[in-house]
Amino acid sequence: MRTAISALELRQPSTLDEALRMMRDEKLVPLAGTTDVYVSVNFGTLTAQRFIDLWPLDPLREIAVRGSVLSIGALASYTTIIRSPDVNARLPMLIESARQIGGAQIQNRGTLGGNIANGSPAGDTLPVLAVAEAVLVLRTIDGERRVPFSQFYTGYRASVLRPDELIVAVEFGPLEGRQWFRKVGTRAAQAISKVVMAGVRGPLPRIALGSVAATVVRLPLTERALASGTAIDDAERVLQSEIKPLDDVRSTAEYRRRVAGNLLRRFWAESA
Amino acid sequence: MRFTLNGKAANVAAHPMARLLDVLREECGLTGTKEGCGEGECGACTVLVDGEPVCACLVPFAQVADQRVVTIEGLGDGHPLQHHFLNEAGAQCGICTPGMIMVACTLPPNASLDEIRTALAGNLCRCTGYEAIYRAIAKAAEQGAARVAT
């Protein structure tokens with residue numbers, strides 16, 4: 001049964017500072033494009049009752065290049081990202097992942113910050129952030145800190161984000177090498193990933209996979225194997241030792257292992 | 001809360017977290033927008049907010065404050081898309097049709113089949129097999145008539 005809306009409360013700040021003060025003073029769940037939260041409303045699985053609406057905070061949508069850093073505001077929607085010349089020029093794999101999230105309706109509302117905060121191991125942009133070695137800008141009313149994406153998640157849907165803190169932007173330094181992204185789901189559009197992978201073929205190859213462990217994972221041992229010229233069969237054996245896929249509603253562990261191995265081979269062949 | 005609904009100023013008292021879909025259907029009496037899956041996969045509840053298609057079942061009412069909402073009723077009775085959907089048998093049970101048409105409204109004139117298919121990736125139809133829908137939209141697009149004032 002759908003969640004009863006009448007029991008819910010919504011705080012509506014008009015500036016980021018006002019939002020951060022509310023986050024400090026009250027226990028609130030942030031709303032961005034609500035493409036995840038409202039699925040919980042519709043399925044009656046929502047547990048929180050008090051929310052804060054960040055959607056009107058336009059400054060958080062900004063995409064800008066400052067010096068050598070590309071900064072994407074946490075509220076930038078997938079559509080905004082797809083249309084950004086700066087992101088197209090620097091992070092084509094992020095464009096590729098954004099295009100494969102839902103249809104236009106979801107791309108118009110879903111946000112990069114929301115994908116990160118939701119923390120699903122199947123989040124499609126997350127392997128991209130992992131191989132791009134993105135830095136998350138987290139802010140409270142008292143100040144800002146920068147957390148490397150690799151240190152953000154602490155477990156299944158768990159992160160270092162504090163209850164009074166908001167993700168305000170994602171920063172990307174220069175990235176060398178050919179970028180690669182591939183999502184495998186039930187169909188080409190409108191499907192949640194069974195396995196999702198991003199790779200960068202730079203001086204040292206980087207690989208990250210989603211839906212094969214409790215969080216998105218980088219594969220440092222596989223990367224090292226590839227960098228040292230190990231044969232792809234052996235590199236795949238290393239990959240299999242680095243992932244821990246599960247059986248769930250979307251797929252089986254066995255299928256995910258097979259697909260993850262295939263994606264590694266395809267990445268290596270196509271990025272050569 | 002104030003917003004623009006089908007080109008006219010609207011002021012509706014509803015819970016800020018009410019689903020836009022429910023406000024449209026129950027408070028505004030606009031039942032052309034349909035509920036399908038409730039998880040953003042089927043697109044049956046598609047409406048335009050500031051000209052962009054969204055799933056009305058996933059949007060809190062508060063988030064359309066001061067924005068322009070267009071529903072299937074906003075097209076009136078004589079829109080070329082409606083005409084071509086009828087002529088090409090682009091509708092069978094009809095539940096997906098309003099959402100399909102709202103997305104089609106956002107296509108550029110002379111949209112290619114590829115553009116049409118990509119735009120409609122978020123709209124599921126269980127009756128037609130899509131071909132008749134693509135034909136209807138392509139005919140409207142050929143005449144440059146798919147777009148509505150949003």
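Two residues are taken to be in contact here if their C-beta atoms, placed from the backbone, lie within 7 Å. With that in hand, let's walk through this predicted model, in which local features need pLDDT of at least 70, side-chain atom pairs count only at pLDDT 80 or more, and totals for chains, interfaces and linings use all residues. Residues are numbered from 1 along each chain as its sequence is written, while chains are lettered from A and ligands numbered from 1 in the order in which they are written.

The contact between the chains draws 26 residues from chain B and 24 residues from chain A. On the side of chain B that touches chain A, strand 4 (residues 52-55) of chain B gives the largest share, four residues; strands (E, at least two residues) and helices (H or I, at least four) are DSSP runs, numbered from the N terminus.

Chain B itself has five helices and five strands, in the order β-β-α-β-β-β-α-α-α-α from the N terminus. Its C-alpha trace spans about 40 × 30 × 25 Å along the principal axes.

| Domain of chain A | Residues |
|---|---|
| domain 1 | 5-53 |
| domain 2 | 58-172 |
| domain 3 | 203-270 |

The centres of domain 2 and domain 3 of chain A, taken over C-alpha atoms, are 23 Å apart. Eleven residues of domain 2 of chain A are in contact with eleven residues of domain 3 of chain A. On the domain 2 side of chain A, helix 8 gives the most, with four residues.

Definitions and conventions: Domain bounds come from an automatic or database domain assignment.
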